[in-house]
Structure formats: structure tokens, C-alpha cells
Amino acid sequence: MDKIIVKGGERLHGSVRVEGAKNAVLPVITASILASEGKSTIKDVPVLADVYTINEVLRNMNANVHFENNTVNVDATNQLLTEAPFEYVRKMRASVLVLGPLLARFGHAKVAMPGGCAIGSRPIDLHLKGFEAMGADVHVGNGYVEVETAGRLQGAKIYLDMASVGATENIMMAASLAEGKTVIENCAKEPEIVDLANFLNKMGAKVVGAGTETIRIEGVEELHGAEHAIIPDRVEAGTFMVAGAITGGDILIENAESEHLRSVISKLEEMDVTIFEQGEGIRVIGPDKLHSTDIKTLPHPGFPTDMQSQMMALMLNAYGTSVITETVFENRFMHVEEFRRMNAKMKIEGRNVIIEGPADLQGAEVAATDLRAAAALILAGLVADGYTRVTELKHLDRGYVDFADKLARLGADIERVDEDGNAVNPFVQIDHEDIAVEAES
Ligand SMILES: CC(=O)N[C@H]1[C@@H](OP(=O)(O)OP(=O)(O)OC[C@H]2O[C@@H](n3ccc(=O)[nH]c3=O)[C@H](O)[C@@H]2O)O[C@H](CO)[C@@H](O)[C@@H]1O
Ligand SMILES: C=C(OP(=O)(O)O)C(=O)O
């Protein structure tokens with residue numbers, strides 16, 4: 001089992017480039033199976049375990065998928081199998097995003113129920129409510145959800161009780177091939193929703209309003225393959241912003257889109273971090289002394305839950321009391337115990353964590369509990385006294401490309417080693433037709 005070993009104390013400097021967004025590329029790849037004619041070419045695709053998993057889900061359905069040079073080509077024009085078994089959904093919850101496209105194009109889809117995970121129970125009731133409103137029958141049993149429709153799905157008015165990213169995406173994809181008009185109210189407004197809508201429209205769909213709280217979709221009879229470049233990963237960018245801030249460094253994060261990072265930029269500025277929004281990216285200069293602040297996670301444009309644990313690492317180093325309120329997932333504080341192993345002083349009260357800073361962080365052996373926790377523990381290790389060893393890197397590999405190498409190039413004292421202590425890069429020896437990493441969401 002690989003581990004990342006980081007020795008605290010280096011200020012980061014230089015530049016780093018962010019990849020295409022994991023949370024944008026996964027729905028875009030699943031949307032490509034809506035095309036009954038022509039191939040899709042998806043560019044700026046990050047080399048991540050989750051991308052291998054979604055590619056494998058599609059191949060298992062008989063789609064032709066090729067991934068090379070950060071480009072995924074999908075030809076899904078033949079009759080596809082309409083199932084995604086548990087082995088894939090277990091690895092990655094986003095596999096449920098095949099439900100909408102398969103249902104709309106083939107009238108049937110069967111996918112393993114995702115179940116809970118390390119950050120919360122994460123039901124898919126809103127996805128299913130949307131399909132039912134469009135006329136589908138939904139059956140749940142034996143660990144699977146099966147959706148069917150005799151004819152075409154029918155356009156419908158759908159109100160989401162919560163602005164769910166996945167439900168908005170699944171319904172938007174299904175509605176693109178439905179008969180008539182669908183209106184999704186109280187939908188998610190994340191930049192990844194806009195990216196998916198742009199791809200669908202290139203495929204011939206008629207989607208308007210993505211990025212606002214009401215999306216309108218006029219269904220069409222057929223969609224075709226399209227070419228699309230994925231937006232930059234705002235969470236990877238935010239993670240490097242924290243890396244610059246926590247080490248008192250000065251780094252340029254190339255390809256970062258500041259319009260997608262307003263809440264993160266504001267909170268870092270409240271903590272006395274200096275930020276310049278430049279043409280080529282975002283420059284971050286960390287202060288000698290960080291100021292405490294509070295954050296509350298919310299759907300976009302609120303503060304992203306996917307940046308909560310990285311901000312916790314930063315707040316541990318700030319002077320004063322900081323409070324984090326997690327409103328999106330009910331159980332996204334598993335990393336608190338790991339930070340405590342590094343001598344952090346924190347108290348969990350319901351959905352709040354109260355942080356007394358600055359902590360006297362000490363290097364320790366810690367285990368990543370989810371994807372963002374993995375990054376957050378490494379960030380804390382950048383400033384802890386001595387060596388921090390982070391294990392359970394399968395989580396990190398779901399969402400960060402060459403994280404240790406990128407930090408090393410910025411001047412961090414960090415390396416990734418295998419169980420024999422040899423330096424490794426997780427994605428170098430990959431056959432691009434196979435799943436690379438055994439990850440679990
Ligand atoms: C692949 C991907 O894009 N993942 C992102 C996506 O996850 P995902 O799409 O799973 O997250 P959702 O926006 O759906 O979930 C938000 C909240 O709604 C709840 N909910 C969701 C659907 C549903 O049918 N019923 C229900 O109750 C969830 O349990 C959670 O409490 O958005 C999350 C919130 O920004 C991010 O943390 C994830 O990184
Ligand atoms: C929670 C995340 O992803 P997923 O929804 O794929 O688990 C994440 O990217 O932080």
C-alpha cells in the first residue's frame with residue numbers, strides 16, 4: 001500500500017497547473033452515451049481513478065471508449081447493455097449518472113444502489129422522483145434500482161427538495177431525449193452543471209438556464225456525438241490555494257477559474273491571504289500570521305463542501321477560534337480524528353466543528369478517510385513538525401493527479417512510496433484500456 005511522506009516546514013513557490021474537473025468530466029462522459037450517431041471527443045480529461053472507472057462502466061455496456069493524451073473518445077452508437085453492477089458503483093457513486101441517459105435512450109436502466117459512504121448516507125431519491133415525474137416506473141430491490149418506460153419519457157415540471165448536483169445532472173440528461181418540455185426548479189447551479197449543459201447542447205440538446213435555479217429542456221428525438229473541453233477543476237485549484245496560504249508561500253495556480261472560486265477567495269482573504277486574479281490563473285501569497293474565520297458549506301455559489309477539510313487544515317494554523325458548519329453532508333467530519341492524531345485541538349458539536357488555533361501540529365501516521373480528507377491531511381503535513389505519513393491513498397487517486405509530485409515541484413519536502421519504500425507515481429504504468437486503481441468512494 002502506497003503512502004505519502006511529507007516533512008513540514010517548506011514555503012511553497014512557483015507555479016502549478018490545474019487539470020480538468022473530475023466532477024465535470026464524469027457526467028460529460030456518461031452523457032456521451034445519449035448519442036445514437038457519431039463519436040464524442042472529450043478533451044482536458046484528468047488522469048484519475050474515477051475516470052478509469054466510468055470508462056470501464058461504459059465499456060461494460062458495450063460502448064467503445066478510448067482514453068489517451070487527456071482525451072476520451074466514446075462511440076456509443078450500437079445497442080448498449082443497460083446495467084451498471086455493484087462492483088463499479090461501489091468504486092464510484094457517480095456511476096448512478098448512467099441511469100438518466102440509458103433510461104431516456106433505451107427505455108431501461110438497472111444500477112446497483114450506491115448506499116452510504118464515508119461522508120453521509122447520500123440517497124438518490126430525488127433522481128428517482130424526477131424519472132417518475134417523466135413517466136418512468138421505478139423498482140428498488142435486491143440492492144438494485146431499475147427504471148423503465150414503455151415509450152419515450154415525457155417532459156415534466158420537477159421541483160427538487162434539495163439542489164442536488166447529481167439529481168440535476170441525471171434529470172437534465174434524461175429530459176434531453178424526452179418528449180416535450182421539462183422544467184427543473186430549485187436545481188443545482190454548480191459550474192459542472194453548466195459544463196454538462198454546454199456539452200448536451202453541442203450534442204443537439206436544447207437546454208437553457210443552466211447555472212440558474214431553473215433549467216428548461218426541450219426534448220429532442222436524437223442526439224449526436226460532440227467535441228468538448230472540460231472546465232478546470234475548482235476543487236483542485238482551491239486545494240493548491242490552501243497549500244500556498246498554509247505554508248506562507250507564493251504560488252501561481254495556472255488554469256484556475258476565479259469566477260468558480262468566489263467563496264473560497266473571499267474566505268482566504270478574510271484570513272489575510274493575498275490573492276491576485278491574473279489572466280493566466282490565481283496567485284496566492286500566504287501571510288506570516290493567518291487570521292481565524294468561520295465557514296458554512298452550502299450549494300454553489302456558497303462555500304463548497306469539497307473544500308471543507310482543506311479549510312480545516314488552514315484554520316488549524318490560524319490565530320483565534322474558527323467554526324466550520326457542514327450543511328451539505330451529515331457526516332463529513334471523519335478527518336477530525338485524524339487531525340487530532342497530529343495534535344489538533346477541535347470540538348465537534350452537531351454539524352459544527354470548533355477549532356482553536358494556532359495548533360502545534362506534529363507529524364504522525366494518519367489515514368485518509370475520503371478524497372478531500374486525503375488532501376487536507378497532506379496540507380497539514382506541509383506545516384507540521386517532523387514527518388507525516390498519509391495512508392489510504394486510494395481516496396486521493398480518485399480526484400488528484402500527481403498531487404505529491406506537484407507539491408514537490410513547488411518546493412515541498414514530500415514523496416510517495418510503495419510498501420518497500422520505493423518512490424512511485426500511481427498513474428505511470430497504466431494500460432489505458434484498464435481500470436488503474438482499486439478505489440472506493
Ligand atoms: C461526482 C460529483 O459531482 N460529486 C459531487 C456532487 O455529489 P452528489 O451529486 O452526490 O451530491 P448532491 O448534490 O446530490 O448531494 C447534496 C445533498 O443532497 C442529498 N441528496 C442528494 C440526492 C438525492 O436524491 N437525495 C438527497 O437527499 C445528499 O445526501 C447530500 O446531503 O455534489 C456534491 C455536493 O456539492 C459534491 O460534494 C460532490 O463532490
Ligand atoms: C465527494 C466527492 O466526490 P464523489 O461525489 O464522487 O464522492 C468529492 O469530489 O469530494
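This is a predicted model: local features need pLDDT of at least 70, side-chain atom pairs count only at pLDDT 80 or more; totals for chains, interfaces and linings use all residues.
Which strand is joined to β17 by five bridges, and do the two run parallel or antiparallel? The partner is strand β19, residues 281–285, and the two strands run antiparallel. Strands here, and helices likewise, are DSSP runs numbered from the N terminus, with at least two residues (E) for a strand and at least four (H or I) for a helix. Two strands count as paired if DSSP finds at least two bridges between them.

Residues are numbered from 1 along each chain as its sequence is written, and chains are lettered from A and ligands numbered from 1 in the order in which they are written.

I turn next to strand β26, residues 387–391. Strand β1, residues 3–7, pairs with β26 in the antiparallel sense over four bridges, and Val6 stands opposite Thr388. Strand β25, residues 365–367, runs parallel to β26 and is joined to β26 by three bridges; there Glu365 faces Arg389 as its opposite residue. Between β25 and β26 comes helix α12, residues 371–381, and the three elements make a right-handed β-α-β unit. Right-handed means that, with the strands pointing away from the viewer, the path from the first strand over the helix to the second runs clockwise. In a regular strand the side chains alternate between the two faces of the sheet. In β26, Thr388 and Val390 form the covered face, whereas Tyr387, Arg389 and Thr391 form the uncovered one.

Now to the annotation. An unreviewed UniProt entry places the feature "domain: Enolpyruvate transferase" at residues 6–407. UniProt positions are given in the numbering used here, feature names are shortened, and annotations may be inferred rather than shown by experiment.

What surrounds ligand 1? The shell has 21 residues, the closest being Asn23, Leu126, Ser164, Val165 and Gly166; a residue is included if its C-beta atom, placed from the backbone, lies within 6 Å of the molecule. By class there are 11 nonpolar, six polar and four charged residues. Ala, Val, Leu, Ile, Met, Phe, Trp, Tyr, Cys and Pro count as nonpolar, Asp, Glu, Lys and Arg as charged, and the others, Gly among them, as polar. Helices α1 (22–31), α5 (125–133) and α6 (165–176) each supply at least two residues of this shell. At least three residues come from each of domain 1 (3–19 + 232–417) and domain 2 (22–229), with bounds taken from an automatic or database domain assignment.

Of these helices, α1 deserves a comment on burial. A residue is buried if 20 or more other C-beta atoms, placed from the backbone, lie within 10 Å of its own, exposed if 12 or fewer do, and partly exposed in between. Helix α1 is largely enclosed by the rest of the structure, because 10 of its 10 residues are buried. Among them are Lys22, Asn23 and Thr30.

The unreviewed UniProt entry also carries a "binding site" annotation, which covers Arg93, Arg122, Pro123, Ile124, Asp125, Leu126, Asp306 and Val328. Ile124 sits in the loop between β8 (108–112) and α5. Ile124 has 19 other C-beta atoms within 10 Å and is therefore partly exposed.

Finally, some points of backbone geometry. The peptide bond from His300 to Pro301 is cis, with omega near 10 degrees, and Pro301 lies in the loop between β21 (294–297) and α10 (308–315). Another cis bond joins Gly357 and Pro358, with omega about 0 degrees; Pro358 belongs to the loop between β24 and β25. Asn186, a residue other than glycine, has a positive phi near 55 degrees, and its place is the loop between β12 (181–185) and α7 (191–202). Asn343 likewise has a positive phi, near 80 degrees, in the loop between α11 (335–341) and β23 (346–349). Asn343 counts as partly exposed because it has 15 C-beta neighbours inside 10 Å.
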